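Subject: A structure for you to look at

Hi,

Here is the structure I promised to pass on. Have it open while you read, and I'll walk you through what turned up.

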Amino acid sequence: MLAVLIPSKRARQQVLLWMCLGLNGCAGLSANAANMGQPAASTLVGPPAVTAAPSILPRARDSVKFLVIGDSGTGGRQQFEVAARITEARKTFPFTRALMLGDNLYGRNNAAAYRNKFERPYAALLEGGVKFYASLGNHDDPAQRFYAPFNMDTHRYYSHSEGDVRFFALDSTYMSPEQRRWVEDELSQSNHKWKIAYMHHPMYSSGERHGPTPPLRAALEPLFAKHGVDVVFAGHEHFYERIHPQGGITYVIQGGAANLRRGNIRRNSAITAKGFDTDRSFTLVEIVGDQMYLETISRLGAIVDSVVINRREVASASSSE
């Protein structure tokens, strides 16, 4: 019987209460929001957007569009700033689905935490009809699966779909034999063109603090390879990293939606296709036919990574010709 247990860690500190003084003291919030403790305004106030590269997102009418965030639940200023930037991006990229890669709530998981670390930062998105689909991280109380806005339907691991895309949300903190059997059954029974898995702990990583999770890789990679998983998203590392395809599968770390571990990506890593560890960020994804368009944007609005990923089946067929 295979069981991969990744011990949980206590949150190292309580979430700091913060407020801003003066007219320009709170980047990302309006003066009213800063003084009254209200959600960030939809228009970002503070550092201007930086546009170092044009967007590659097709913004097609009938495409599958979604947001990816990880390690987001601090309730701090940077989370609000990233959330405001996401709200701005949604004006031209109307996604209706968001994947959460764990550590959704740091510290206590009480009613105030759900309100201050999720509902307030993402109020504009929730009001706009965006549905969040959470996975559990090592800082998360498993009871989060009963919180309706996380759309886990009481399950620690589950799947959901849109169009030709099937998403598999996994509990990487405890990869039990039962969960592994469920993963294999779900993957084998799915006839969706795209299969996307997401979880908290990364199977591959160039992070100096945590790094990869070999037991998780041993448990899941053979199943992902056998049953046609195209892309795997993970958090845990407080930065962004896209890994060179491993066995045809693209692995992406997005753990920088609120926390940041500055300068933590090993600069000599052979597996890093693109890394960003100097600021917070979020990732937008659009799937059109057999192509996935992935774009990662910093807290200040700079596009720090963009790539087109071909579906594995199509990519394999092209390489064999």
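This is a predicted model: local features need pLDDT of at least 70, side-chain atom pairs count only at pLDDT 80 or more; totals for chains, interfaces and linings use all residues.

Let's start with a pair of strands: how many bridges join strand β2 to β3, and do the two run parallel or antiparallel? There are 4 bridges between them, and the strands run parallel.

For the overall picture, the protein has 7 helices and 15 strands. Of its 321 residues, 55% count as buried. If you take the contacts between residues at least 6 apart in sequence, 70% of them join residues at least 24 apart.

**More on β3**

β3 takes in residues 97–100, and both of its faces are covered. R97 and L99 are buried on one side, while A98 and M100 are buried on the other.

**β6 and its partners**

What about its pairings? With β5, strand β6 pairs in the antiparallel sense over 5 bridges, and S159 has F168 in β6 as its bridge partner. The hairpin of β5 and β6 has 2 residues between the strands, and in this hairpin G163 takes a positive phi near 60°. With β8, on the other hand, β6 runs parallel, joined by 5 bridges. R166 stands opposite K195 there.

**The nonpolar cores**

Which residues touch the most other members of the largest nonpolar core? They are F66 and F233, in a core of 55 residues. The largest share of this core, 5 residues, comes from β2. If you click on F66 and leave out residues up to four places away in sequence, you'll find that F66 touches F93, F95, R97, L99, F167, I196, F233, T283, L284, V285 and I287. Apart from this core lies another one, of 21 residues, which includes F168, M199, L223 and I249. As a rule, in soluble globular proteins, nonpolar side chains tend to be buried together.

**Aromatic rings**

The structure holds 13 aromatic pairs. Why is the pair of F118 and F150 called edge-to-face? The ring centres of F118 and F150 are 5.0 Å apart and their planes are at 80°, and planes over 60 degrees apart count as edge-to-face, so the pair gets that name. F118 lies in helix α3 (residues 111–119) and F150 in the loop between β4 and β5 (158–162), so this pair ties together parts that are 32 residues apart in sequence. Both F118 and F150 are buried.

F150 has another ring partner in Y147: their centres are 4.8 Å apart and their planes at 90°, so that pair is edge-to-face too. F150 has a relative accessible area of 0%, and Y147 has one of 14%. Buried means under 20%, so both values count as buried. Y147 and F150 belong to one aromatic cluster together with Y114, F118, Y122 and F132.

Rings also turn up with charges over them. The charged end of R90 sits over the ring of F95, 5.6 Å from its centre. R217 lies over the face of Y204, at 4.0 Å from the ring centre.

**A last stop in a loop**

Is E208 buried or exposed? E208 is exposed, with a relative accessible area of 54%. You'll find E208 in the loop between β8 (194–198) and α6 (214–226). Leaving aside neighbours within four places in sequence, E208 is in contact with G263, N264 and R266. Along the chain, E208 and G263 are 55 residues apart, yet their C-alpha atoms are separated by 9.1 Å.

Terms used
Residues are numbered from 1 along each chain as its sequence is written. Side-chain values use heavy atoms; hydrogens and water are left out. Buried means under 20% relative accessible area, exposed over 50%, partly exposed in between (1.4 Å probe, protein chains only). Two strands pair if DSSP finds at least two bridges between them. A nonpolar core is a set of buried Ala, Val, Leu, Ile, Met, Phe, Trp, Tyr and Cys residues joined through side-chain atoms within 4.5 Å. Contact means heavy atoms within 4.5 Å. Rings of Phe, Tyr and Trp (its six-membered ring) pair if their centres lie within 6.5 Å; planes under 30 degrees apart count as stacked, over 60 as edge-to-face and the rest as tilted. A charge sits over a ring if NZ of Lys or CZ of Arg is within 6 Å of the ring centre and within 35 degrees of the ring normal.
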